Amino acid sequence: MGVPAVRWVVMGVSGCGKSAVGSLLAGALHVPYVEGDEVHPPENVAKMAAGIPLDDADRAGWLAALRERIATARAQGSGLVVSCSALKRAYRDVLREGDPALRFIHLDGPRDVLESRLQRPGHFMPASLLDSQLATLQPLQPDEAGMVLDIRQPLPVLLEQILQAP
């Protein structure tokens, strides 16, 4: 019998490396990858690009769309990696509705490292929203399946830590 399919969410504030780690993990596991930023409706992207933080109402449809992708993968018995900020416990609870066994990888690091990574030409998320994201962030709770990784580590080290997780 093969390894059971796992569905992962790579989470954290903007600039933590969700896309880099998520795509690397999906490649290593040979499973589909969903870039959460690409699922945002145009209204959300425009709001963030204007430097306006999203509120819970803005995120509801986005989280529901991601939940459905997770639920589909679970129903098909396939693995999946999703990058999604998942800043609040309530947001993670919505995602878990698609798969109660969903696992989270919280990419965490110092504010100065995060801020330096937000100098991304052409990306809609301005560095000015980092403080609002950090204020919103609720760390993983002991009853949430997942791990917290230090973004100061090289990508190959982060990947190995994930792959070695129980």
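Reply: Gln153 is partly exposed, with a relative accessible area of 26%. The model is a predicted one. Gln153 sits in the loop between β5 (146-150) and α7.

Me: Which residues is Gln153 in contact with, leaving aside its neighbours within four places in sequence?

Reply: Leu158 and Gln161. A separate reading is the distance to a residue elsewhere in the chain: Gly109 is 44 residues away from Gln153 along the chain, and their C-alpha atoms are separated by 9.7 Å.

Me: Which residues of helix α4 are buried?

Reply: The general idea first. An α-helix has 3.6 residues a turn, so residues three or four places apart point the same way. In helix α4 (residues 89-96), the buried residues are Tyr91, Arg92, Leu95 and Arg96. Seen down the axis of α4, these buried residues fall within an arc of 140 degrees, so they line one face of the helix.

Me: What covers the buried residues of α4?

Reply: The cover includes β1 (7-11), α3 (56-76) and β4 (103-108). The axes of α3 and α4 come within 8 Å and cross at roughly 30 degrees. Angles under 35 degrees count as roughly parallel, and that makes α3 roughly parallel to α4. The crossing is right-handed.

Me: Which residues make the contact of α3 with α4?

Reply: From α3 they are Asp56, Arg59, Leu63, Leu66, Arg67 and Ile70, and from α4 they are Tyr91, Val94 and Leu95. Sorted by class, the contact of α3 with α4 has six nonpolar residues, no polar ones and three charged ones.

Me: How do the axes of α1 and α7 lie, and at what angle do they cross?

Reply: The axes of helix α1 (residues 18-29) and helix α7 (residues 155-163) come within 10 Å and cross at roughly 55 degrees. α1 and α7 are therefore oblique to each other. In passing α7, α1 makes a right-handed crossing.

Me: Which residues of α1 and α7 meet?

Reply: On the α1 side, Ala20, Val21, Leu24, Leu25, Ala28 and Leu29 take part; on the α7 side, Leu155, Leu158, Leu159, Ile162 and Leu163 do. The residues of this contact divide into 11 nonpolar, no polar and no charged.

Me: Is Lys18 buried or exposed?

Reply: Buried counts as under 20% relative accessible area. At 13% relative accessibility, Lys18 counts as buried. Lys18 is placed in helix α1.

Me: What is Lys18 in contact with, apart from its neighbours within four places in sequence?

Reply: The contacts of Lys18 are Val10, Met11, Gly12, Val13, Tyr33, Ser83, Cys84, Ser85 and Leu107. For one of them, Cys84, there is also a C-alpha to C-alpha distance: Lys18 and Cys84 are 66 residues apart in sequence and 7.4 Å apart in space.

Me: Where are His30 and Ala86 found?

Reply: His30 is in the loop between α1 and β2 (33-35). Ala86 is in the loop between β3 (80-83) and α4.

Me: Is each of them buried or exposed?

Reply: His30 counts as exposed, at 73% relative accessibility. Ala86, at 1% relative accessibility, counts as buried.

Terms used
Residues are numbered from 1 along each chain as its sequence is written. This is a predicted model: local features need pLDDT of at least 70, side-chain atom pairs count only at pLDDT 80 or more; totals for chains, interfaces and linings use all residues. Side-chain values use heavy atoms; hydrogens and water are left out. Buried means under 20% relative accessible area, exposed over 50%, partly exposed in between (1.4 Å probe, protein chains only). Helices (H or I, at least four residues) and strands (E, at least two) are DSSP runs, numbered from the N terminus. The arc is that of the directions from the helix axis to the C-beta atoms. Contact means heavy atoms within 4.5 Å. Axes are lines fitted to C-alpha atoms, for helices over the stretch in contact, and angles run from 0 to 180 degrees between N-to-C directions. Angles under 35 degrees count as roughly parallel, over 145 as roughly antiparallel, 65 to 115 as roughly perpendicular and the rest as oblique. A crossing is left-handed if the near helix is turned anticlockwise from the far one by less than a right angle, and right-handed if clockwise. Ala, Val, Leu, Ile, Met, Phe, Trp, Tyr, Cys and Pro count as nonpolar, Asp, Glu, Lys and Arg as charged, and the others, Gly among them, as polar.
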